[in-house]
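This briefing covers helix geometry, charged contacts and aromatic contacts. Please read it alongside the sequence and the model.

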Amino acid sequence: MSKFSQRLKELRLEHAMTQQEIANLLNIRQQSYIRYEYGTGEPSLNTLIKIARIFDVTSDYLLGISDDY
């Protein structure tokens with residue numbers, strides 16, 4: 001599991017959200033979101049920015065570049 005996938009799942013669970021809820025906020029299919037969590041797919045740059053905004057973290061944190069939110 002990539003750092004991105006791991007952090008994405010951790011953040012979703014910390015916020016008590018379902019995969020479907022996040023997918024709806026991102027305006028993507030749940031299956032696409034699931035691939036992000038399993039590390040078999042990667043979000044576009046625009047989707048990455050949306051994810052960072054939803055969880056109020058930096059894209060560097062999501063990508064594992066930094067440990068600071």
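The expected span of a helix is 1.5 Å times one less than its number of residues. Helices (H or I, at least four residues) and strands (E, at least two) are DSSP runs, numbered from the N terminus. The structure is a predicted model, in which local features need pLDDT of at least 70, side-chain atom pairs count only at pLDDT 80 or more, and totals for chains, interfaces and linings use all residues. Residues are numbered from 1 along each chain as its sequence is written, and side-chain values use heavy atoms, with hydrogens and water left out.

**Helix 1**

- Helix 1 has 12 residues and reaches 16 Å from its first C-alpha to its last, close to the 16 Å expected at 1.5 Å a residue.
- Within helix 1, the residues F4, S5, R7, L8, L11 and R12 are buried; the term buried means under 20% relative accessible area, exposed means over 50%, and partly exposed lies in between (1.4 Å probe, protein chains only).
- The cover over the buried residues of helix 1 includes helix 2 (19-26), helix 3, helix 4 (45-55) and helix 5, where contact means heavy atoms within 4.5 Å.
- Just after helix 1, A16 adopts a positive phi of about 50°.

**Salt bridges**

- A salt bridge is a side-chain nitrogen of Lys or Arg within 4 Å of a carboxyl oxygen of Asp or Glu, and by this rule the count comes to 2.
- D67 is exposed, with a relative accessible area of 61%, whereas R7 counts as buried at 6% relative accessibility.
- A salt bridge also joins the side chains of R12 and E37 (2.5 Å, N to O).
- That pair likewise links distant parts of the chain, namely R12 in helix 1 and E37 in helix 3, 25 residues apart.
- R12 is buried, with a relative accessible area of 8%, and E37 is buried, with a relative accessible area of 3%.

**Aromatic pairs**

- Rings of Phe, Tyr and Trp (its six-membered ring) pair if their centres lie within 6.5 Å; planes under 30 degrees apart count as stacked, over 60 as edge-to-face and the rest as tilted.
- A search of the whole structure finds 2 aromatic pairs.
- The ring centres of Y33 and Y36 are 6.2 Å apart and the planes stand at 70°, so this pair is edge-to-face.
- Y33 and Y36 both belong to helix 3 (residues 30-38), 3 residues apart, about one turn of the helix, and both are buried.
- The ring centres of Y61 and Y69 are 4.8 Å apart with planes at 90°, so this pair is edge-to-face.
- Y61 counts as buried at 8% relative accessibility, while Y69 counts as exposed at 53%.

**Surroundings of R7**

- R7 lies over the face of Y61, at 4.1 Å from the ring centre; a charge sits over a ring if NZ of Lys or CZ of Arg is within 6 Å of the ring centre and within 35 degrees of the ring normal.
- Not counting residues up to four places away in sequence, R7 touches Y61, L62, G64, S66 and D67.
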